[in-house]
Amino acid sequence: MMQPFPDEVLEHVFSFIESDKDRNAVSLVCKSWYEIERMCRRRAFIGNCYAVSPEILIRRFPELRSLEIKGKPHFADFNLVPEGWGGYVYPWIEAMALAYPCLEELRLKRMVVTDETLELIAKSFKNFKVLVLNSCEGFSTDGLAAIAASCRNLRELDLRESEVEDLSGHWLSHFPENCTSLVSLNIACLGSEVSFSALERLVSRCPNLQSLHLNHAVPLDELPNLLRRAPQLVELGTGAYSADLRSDVFSNLAGAFSKCKKLKSLSGFWDVVSAYLTALYPVCSGLTSLNLSYAAVQSPDLIKLINHCPNLQRLWVLDYIEDSGLEALATSCKDLEELRVFPSDPFGAEPNVTLTERGLVFVSGGCPKLNSVLYFCRQMTNAALVAIAKNCPHMIRFRLCIIEPHTPDYLTFQPLDTGFGAIVEHCKELRRLSLSGLLTDRVFEYIGTHAKKLEMLSVAFAGDSDLGLHHLLSGCESLRKLEIRDSPFGDKALLANSGKLETMRSLWISSCSVSYGACKLLSQKMPRLNVEVIDERESSDSRSEGTFVEKLYIYRTVAGPRLDMPGYIWTKDRDSAIRFS
Amino acid sequence: MVAKPREQNLEFEAAERNLSPGMANQAWGLEDSATDFKETELTLGPPGESRDAGGKSGTKRGFCETLDLNLTGSNAKRNDPGAQSQQEACPTAKHPAAKAKLVGWPPVRALRKNAMRSDGCNYVKVAVDGAPYLRKVDLEMYSSYKHLSEALEDMFSCFTIRNYFNAGKLMDPVDGSEYVLAYEDRDGDWMMVGDIPWQIFARSCKRIRLMKSSETVDIEPITPPK
């Protein structure tokens with residue numbers, strides 16, 4: 001086929017195409033486009049680190065500059081994935097150290113990162129710019145010191161929600177004096193104190209610093225010193241937000257905030273002393289994002305603060321806000337797009353605050369742009385859910401957690417099938433949904449029928465039978481990630497829909513009714529799935545066919561069987577290995 | 001290359017009959033009406049609960065089945081599909097005072113829980129010298145050293161930890177090496193477990209380690225053991 005343009009021209013055209021989906025489409029046009037595209041792809045996203053191997057990635061895309069990889073399944077956030085399961089990033093770094101010397105960006109989520117890994121990164125990539133470790137673990141501040149010391153052009157170091165072995169705060173002083181490139185620094189997850197003078201000097205010499213998230217150990221009276229050195233900040237995470245009530249501390253703080261004309265996002269606020277919240281007033285009108293989810297502030301003080309923030313698009317808050325606070329939010333913040341309400345006392349038997357379904361209904365009614373919700377509460381009604389669905393037809397993410405499992409509609413005592421059914425029926429763009437409360441197979445019928453754009457679904461303590469799971473797997477065309485716990489789903493639906501599993505990223509099922517025999521059958525039938533039976537209770541040799549497995553994690557892969565599994569995971573390849581040894 | 005659902009149904013029907021002798025052998029007819037299907041489905045509520053009751057408990061496992069680290073000790077019995085008896089041991093949601101804690105529910109991340117310092121969770125890592133994997137325990141679940149030692153024994157069943165607080169040492173029966181239980185406190189110092197009142201220990205313990213006796217030279221007991 002005659003090529004109308006030289007390769008360089010095509011490559012230049014392709015350089016304007018950024019999304020993976022579009023690039024994948026381009027590479028399917030013809031062989032030569034495939035070849036040109038793969039040589040100039042600079043960024044890759046790997047949603048499951050075991051779906052593909054470093055070798056396959058490197059072979060196809062030899063010139064990557066930026067990589068994002070995700071490891072453990074989502075339920076690992078709630079301690080459902082045992083220690084030692086996997087998600088090690090070292091093999092990736094080892095391979096890329098040779099293949100991608102020009103690697104600039106690495107974004108990892110739920111992966112195990114060791115100090116050895118960080119040292120290898122620091123040593124191997126001369127132009128390394130961005131390191132984001134989201135919910136990672138396995139490394140210490142020693143590893144961070146290596147990154148700080150060696151990465152001369154570091155722009156972003158973001159450790160959000162990672163578990164770091166905090167040996168000392170001294171690592172921060174390893175940033176050389178000639179490091180001026182930082183744009184984003186997030187150390188909120190670290191426990192120990194860093195040297196304030198080192199931090200101040202670092203902040204002073206980085207004129208492009210836009211995002212700074214401090215840790216709890218940075219006291220409130222230190223904050224103005226940092227703010228005065230970085231008035232250009234767009235995002236700030238405070239440290240501890242408490243101090244003795246002193247007017248000089250207050251005026252210093254308010255004065256420093258008033259110099260921050262570009263501040264759009266605030267978070268942190270551990271140990272809040274409410275009186276100091278008014279020091280934020282100078283920046284409130286510019287705020288689009290406010291994260292008070294660690295702040296134990298009562299509703300009246302929250303309302304006062306929110307009334308000063310008319311341009312808020314995102315609010316994360318504890319349930320201390322109560323229905324009254326959410327009513328005020330609905331009145332003041334007409335641009336609100338995302339609301340997350342976290343529980344202040346998730347394990348208490350009785351409610352400690354008046355936060356009910358009414359709060360969420362208020363916000364849905366008052367905020368026409370609301371499209372993303374995470375809401376922990378203790379009671380719900382079908383009528384409320386129907387109202388929310390009708391108020392917010394553009395909902396994209398809806399995650400409701402009614403704290404007590406199997407809680408019905410508290411007025412009618414009916415299951416909440418109708419309510420969630422209304423959500424999926426009216427919200428045609430819904431991409432993510434988390435269910436809770438008393439639910440029968442009916443809700444899954446609604447979801448399978450209506451939720452055609454749904455990509456991720458979380459199910460817990462719901463349903464009656466395999467029919468529920470069958471509705472999901474046969475109906476939800478866009479489903480990529482499904483996670484289920486403590487629900488009566490078993491072999492039939494899984495085996496009858498085994499083909500569907502190859503169209504999804506992954507399926508997690510735990511504490512359900514899937515038998516060991518069915519897992520073995522599924523493994524045999526579907527060679528391009530890894531079927532991991534995760535069971536710490538006993539060895540697979542003594543397990544009978546009818547035994548229900550504790551946890552099951554199924555994902556599609558072109559990389560074949562994992563070689564790094566701990567002893568408590570059974571896969572079909574383990575069996576074969578034993579038989580032939 | 002996606003298998004057609006119909007063919008799969010027939011294939012797996014045959015397999016299913018051999019698979020689960022305890023279940024009624026009903027055809028997996030997807031066109032069956034909901035009521036027909038209901039006849040054959042397993043009742044998964046606790047014994048004595050009517051199928052049509054509004055508050056239907058849909059889970060096979062009672063709450064205590066999913067307790068942290070399966071400490072109930074009756075795990076061997078829970079896999080019999082027909083057995084309902086293990087449910088009787090479970091406290092129900094009707095008695096909040098006796099409510100057992102579910103693993104990972106409500107779905108609040110550990111970082112958030114520990115930050116709130118509510119009566120929630122206090123996860124610490126437990127390592128055993130020589131064992132390949134760490135475990136996590138929630139110290140809020142225990143009320144005494146004895147309680148904790150029983151849990152640790154279940155977890156690392158090769159050691160007889162139970163005798164720890166009498167003899168002060170554990171012996172690995174395989175290689176004869178001795179182990180002691182130590183913890184790291186909030187200041188980063190390693191101390192012997194058992195020296196301070198339980199409540200104070202629970203607040204100040206960051207992680208636990210079963211160390212070989214030979215490596216304990218740096219550990220200071222606060223007071224001589226009683």
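This is a predicted model: local features need pLDDT of at least 70, side-chain atom pairs count only at pLDDT 80 or more; totals for chains, interfaces and linings use all residues.
**Entry: V9(A)**

I started with V9(A), which sits in helix 1 (residues 7–14) of chain A. Is V9(A) buried, partly exposed or exposed? Its relative accessible area is 35%, and since buried stops under 20% and exposed begins over 50%, V9(A) counts as partly exposed.

**Entry: S458(A)**

Next I jumped to strand 18 (residues 456–460) of chain A, where I found S458(A). This serine counts as buried, because its relative accessibility is 8% and the cut-off is under 20%. What does S458(A) touch, once residues up to four places away in sequence are not counted? I got L433(A), S434(A), L435(A) and E483(A). With E483(A) there is also a polar contact between the side chains, at 2.6 Å.

**Entry: S332(A)**

I looked up another serine, S332(A), and found it in helix 13 (residues 322–332) of chain A. Its side chain makes a polar contact of 2.7 Å with the side chain of N307(A). Leaving aside neighbours within four places in sequence, I list I306(A), N307(A) and P310(A) as the contacts of S332(A).

**Entry: aromatic rings**

How many aromatic pairs are there over all chains? The count comes to 23. I picked out F75(A) and W508(A): their ring centres are 6.3 Å apart and their planes stand at 80°, so I wrote the pair down as edge-to-face. F75(A) is in the loop between strand 2 (66–70) and helix 5 (90–99) of chain A, while W508(A) is in strand 20 (residues 506–510), so this pair ties together parts 433 residues apart in sequence. Both of these residues, F75(A) and W508(A), are buried.

I stayed with W508(A) and checked Y553(A). Their ring centres lie 6.0 Å apart with planes at 55°, so this pair is tilted. Why not edge-to-face? That label needs planes over 60 degrees apart, and these stand at 55°. Y553(A) belongs to strand 22 (residues 551–556) of chain A, and the pair links distant parts of the chain, 45 residues apart. Y553(A) is buried, and so is W508(A).

Last, I asked which residues form one aromatic cluster here. My list reads Y50(A), F75(A), F78(A), W85(A), W508(A), Y553(A) and Y555(A).

Key:
Residues are numbered from 1 along each chain as its sequence is written. Chains are lettered from A and ligands numbered from 1 in the order in which they are written. Side-chain values use heavy atoms; hydrogens and water are left out. Helices (H or I, at least four residues) and strands (E, at least two) are DSSP runs, numbered from the N terminus. Buried means under 20% relative accessible area, exposed over 50%, partly exposed in between (1.4 Å probe, protein chains only). A polar contact is a pair of N or O atoms within 3.5 Å; within protein, one must be able to donate a hydrogen and the other to accept it, and residues adjacent in sequence count only if both atoms are side-chain atoms. Contact means heavy atoms within 4.5 Å. Rings of Phe, Tyr and Trp (its six-membered ring) pair if their centres lie within 6.5 Å; planes under 30 degrees apart count as stacked, over 60 as edge-to-face and the rest as tilted.
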